[in-house]
Amino acid sequence: MALLRIRGFEVHKSYLDPAAQTALVAALRPVLKAAPLFSPKVPGGGQMSVRMTSAGQFGWYSDASGYRYAETHPRGRAWPAIPEPVLAIWRDLTGLERDPECCLLNYYGEGAKMGLHQDKDEADFSFPVVSISLGDDGLFRIGGQRRGGKTDSLWLNSGDVVVMGGDARLTYHGVDRTRFKSSRLLPKGGRINLTLRVVT
Ligand code: SIN
Ligand code: MN
């Protein structure tokens, strides 16, 4: 385990050992069964290359009319609860009494990526966002508080956890690419990223 600080983000390398990663994937299986992955549309038209779903009271959602949190999966059912081992990571790294209300699960299949963006659909930016990486390596890019300007990149590997909080809560970030099938954690390959957010 090693802690790096990059542009205000705390990067906990290898926070989860291989056994903990396997246990976490097992805990996510019922979530994926109850709330299947879907491909969100984006406001400008078009579709995100990641597939996603959520657990918790709220799920992050996007369609032609914009980005928001929704209380139900697109198929109409409430989102499943956030698994305990996921909450344990949040509690350990943030030390907060308050639990997250959304665990967004992004799945990066071959060729999927995510453009630079801020996480700003939440009501209170004093709470951090905690990001957990599982499966294939992802090239994570970190910018500043505004669009444009210099960025730094680092590879996030399976088991790494990033805390995006404090002055860096609104820092631009994205995933340029993954190394498809670089990990054998997920039987069909791919990368899962979980982001935990306090929403209201
Ligand atoms: C996100 O910003 O929602 C995802 C970040 C990641 O996949 O590492
Ligand atoms: Mn984000």
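**A friendly note on the fold and the manganese site**

1. The chain holds two helices and 13 strands (DSSP runs numbered from the N terminus, helices being H or I of at least four residues and strands E of at least two). Its radius of gyration, taken over C-alpha atoms, is 15 Å, close to the 16 Å that the globule rule gives for 200 residues, so the chain is as compact as a globular protein of that length. That rule is 2.2 Å times the number of residues to the power 0.38.

2. Before reading on, please note that this is a predicted model, where local features need pLDDT of at least 70, side-chain atom pairs count only at pLDDT 80 or more, and totals for chains, interfaces and linings use all residues. Residues are numbered from 1 along each chain as its sequence is written, chains are lettered from A and ligands numbered from 1 in the order in which they are written, and side-chain values use heavy atoms, without hydrogens and water.

3. What holds the manganese ion (ligand 2)? Its protein donors are His117 (NE2), Asp119 (OD) and His173 (NE2), 2.2 Å from the ion. Donors here are N, O and S atoms within 2.8 Å of the metal (3.2 Å for Na, K and Ca); water is not among the atoms, so sites may look incomplete.

4. Along the chain, the donors follow the spacing H-x1-D-x53-H. Histidine 117 in strand 7 (residues 114–117) and histidine 173 in strand 12 (residues 173–178) are 56 residues apart, a link between distant parts of the chain. Both histidine 117 and histidine 173 are buried (under 20% relative accessible area, 1.4 Å probe, protein chains only).

Notes:
Buried < 20%, exposed > 50% of the residue type's maximum accessible area, 1.4 Å probe, protein only.
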